[in-house]
Amino acid sequence: MAPPRALEEFVTEANEILETLSRELFVLDQQRGKEPDPDRLNAVFRGAHSLKGLAAMFGVDRLSRLAHRAEDALDALRLGKVPLDDRMIDTLIETLDMLQAMLARVSAGTSAPDLEVGADHLQDRLAELAKGRSLPAGDLLEQVGIDPQIRAVFTEYEEHRLRENVKKGVGLWKVRAVFGLDDFDTKLAALNARLKPLGEVVSTLPSSRPGDEASIAFDLVFGSGQSKSAIEAALDGATLSTLTTREGPVEVTPPPGPALSLPPQPRSPVPRPAPRWDDVSGSGLTPLAEPTSTSGLRLSPESSLRSLTQTVRVDIGRLDALMNSIGELLLIRSNINRLAESARQVGSGVALPKLWGQELQREARALERKLDELQKGVLDVRMVPLGQVFDKLTRLMRRLVRESGKDVDFAVSGGDVELDKLIVEELSDPLMHLLRNALDHGIEPPEVRRLHHKPSRGTIRLKAREQGNQVQLEVGDDGGGMDESRIRQVAVERGVATEEQTREMDRRDLLNLVFLPGFSTREDVSELSGRGVGLDVVKTNLARLSGLIDIDSRRGDGTTFTLTLPLTLAIIRALMVSVSGRTYAVPLSAVMEIASVRHADLQTIERREVFEVRGQTLPFVRLARVFRLPEVERERSFVVLVGLAQQRIGLAVDELIGQEDIVTKPLSGRLRAIPGVSGATELGDRRAVLVLDIGALMEELSRPQAAAS
Amino acid sequence: MRHVVFRLERDRYALPLSSIREVVEAPAHYTRVPRAPVSVKGVMNLRGRVVPVVDLKTLLEVTTPAIQPLGKVVLLDRGRRELGLLITDVDGIESIEKVGGVRSSPAVRGLARVGALAITVLDADGLDSAVARAFTTR
């Protein structure tokens, strides 16, 4: 086997291929029953092909063999020899899962004897699937009268596509285009893009009648149901002629049965053992009634979706930008060197010329600007699209939905939103948790849904969108929602809150009880139409990412979780405040506004201090008191209004110091357990300053018992 | 086994050399951590890392009056969970094999004798769990 370093490369690359494969397969899966897009089939085929080659090159034979079988089956598929039926899709998806499991083992450096049986089985199934019917000879293409000279240069695949077009009864055209040698590639691509919506470009052939020396001519074989004038409108200079000997849409004798679904015709020359899948049991294979159960692959749904590698794939353009910044920094360095040199030559005791100072100042400003750029550049490099995790979740949900027997649509959007790689990785598990909950407990069985006059097909949504320097994720379902009275009851039973407290709570507070540790166990919650399976864990995980989670649920309409996350953890903008002589950093993302409040204007409601801002009454929380610091008696305080959604509080501090970009570092060791502090940062004077965890603070302060302490 | 012998006020203590990452000068001031246990002095900034510093005197419940400033911080090597212990000063490195006496607490392995000096030998794991306990019983 390859040395570790090379292996790492293999894992990264194979992973990438598998991700592409899964994306394309997912689309095919969604479009079950429809005729697959040939380009998509081709892409899946190429993926399997590259994976086979890659694995063979790195000596990962087991993986290579399975990929090879998949490639064979896909080849038969794209050539139309076998139909894309449910059995095929399921097998391909299982193969993908298996390949992923194998890759995980390779990455961990462990052998995978337990996967062997499943892999062998899949290989057999793929081989069986790849055995298609052979095509009836002497066929349609002759009937429609295509020039044998053109036919001779077609590949098997192109001939298959041409045949498909003939079967559809669309017109076959030859588009002749002449392009200049210097830009023919872009022009050709543009022509293809214009033709694509109108039909299918079956083949692009260099023209048999070449153009002059400075140009190159192509014949595009094009199948389209559009009228001649409609196609010509898209050509932009190329000429159109019919490919067949007849004008317009070809009329052919009906093909032998529906193209993709019937058993082969009796006149087929090659006998095959199992033309129909129903007959599989007769051919010595076990019946494959339940596809997932036979593969031998036991991928626990609880297994983590984290990436196998720590690698970030970086667009070369971003690296170029970094390189540029560094180049300019070097320039500034030499300028500063020159200034230092001239200062040295002036000698001591002599005042430096005014110009020198101005120049130094200019360089300092340039340095600052460039450093900002560099910092931004490095942050950019860390950003990856959420789609990476969404793809994995989609695949997992697909399987879970199939296993659950419920009828559920999974709608994903916002996969292009980018987040820090670190956050994206940490997000996968909490999201999986929430989605599983939505499926297991949120969506009701179809018969219950019909009873409530809802469409029997449920919907689970996963949505991401960018909001300033935050990202908002939504996991929602249109299921049964949560039962408030039941939450109240469970909370009291479990001692999470007293009955009196729950009566005083509004809807929102009540719903948020489900995040408290010890609120519920699985058994209790499932009868609560429920949630709560480790929701406290989800919340803790998010808090570690400086994220917040909120819940909204309506009985009968479903539940939506909203997750708010910073774009990056590495560098955040913070408001520096001081309390009792100590400095703290408040992440600016949590700060809504700042007010100055006279203590004389404070009111007390239920032993809690409150103040009013534009008619709204908000809790006045003395940070010094929360942190048990000596309080200084004063007439007025600055109040930092922090919060999310409707919930907000005012943190009273002594002084506002200003804004700064800070690099947060986690508190090491035991200090991580301290509530209200998410990390520390270093200021210019090398002091460590603590960064407040606003989410945790608000949580603590909104809990009823906090008022008493 | 080689031990680092250090002083806490007048008393001598030792920790296995292998459990110590480094010894640094105590910083002029610490960043206090609100609501941390009393034994936690605060955090210090050590070359960009944020390290919690524990007052060993409080942790071991040593009540001898302060006569000398606590001038050094011993950094325990606990992987990613770094922990600094505030001590008076380091004496040196001694080979200590025989440790006898009673374990008065999990943090103390026992007593050893180097020359004429009695030395309390500490246990790094025990210290760590003592800190953990301080956090939970706060």
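Reply: Start with a rule. Rings of Phe, Tyr and Trp (its six-membered ring) pair if their centres lie within 6.5 Å. This is a predicted model. By that rule, the count over all chains is 3 aromatic pairs.

Me: Why are A:Phe611 and A:Phe620 called an aromatic pair that is edge-to-face?

Reply: Their ring centres are 5.9 Å apart, and the planes make 80°. Pairing needs centres within 6.5 Å, and edge-to-face needs planes over 60 degrees apart.

Me: How do you know whether A:Phe611 is buried or exposed?

Reply: Buried means under 20% relative accessible area. A:Phe611 has 1%, so it is buried. A:Phe620 has 5%, so A:Phe620 is buried as well.

Me: What makes A:Arg78 a charge over the ring of A:Phe45?

Reply: CZ of Arg must be within 6 Å of the ring centre and within 35 degrees of the ring normal. A:Arg78 lies over the face of A:Phe45, at 4.1 Å from the ring centre. The distance is within the limit, so that part of the test is passed.

Me: Now chain B. Why do strands β6 and β7 of chain B count as paired?

Reply: Pairing takes at least two bridges. β6 (residues 72-76) and β7 (residues 83-87) of chain B share 5 bridges, in the antiparallel sense, so they pair. In one of them, B:Lys72 has B:Ile87 as its partner.

Me: Which helix packs on the sheet, and what does it touch?

Reply: Helix α2 (residues 124-136) of chain B does, touching β4, β5, β6 and β7 of chain B. Its direction makes about 95° with that of β7(B).

Notes. Residues are numbered from 1 along each chain as its sequence is written. Chains are lettered from A and ligands numbered from 1 in the order in which they are written. This is a predicted model: local features need pLDDT of at least 70, side-chain atom pairs count only at pLDDT 80 or more; totals for chains, interfaces and linings use all residues. Side-chain values use heavy atoms; hydrogens and water are left out. Helices (H or I, at least four residues) and strands (E, at least two) are DSSP runs, numbered from the N terminus. Contact means heavy atoms within 4.5 Å. Axes are lines fitted to C-alpha atoms, for helices over the stretch in contact, and angles run from 0 to 180 degrees between N-to-C directions. Rings of Phe, Tyr and Trp (its six-membered ring) pair if their centres lie within 6.5 Å; planes under 30 degrees apart count as stacked, over 60 as edge-to-face and the rest as tilted. Buried means under 20% relative accessible area, exposed over 50%, partly exposed in between (1.4 Å probe, protein chains only).
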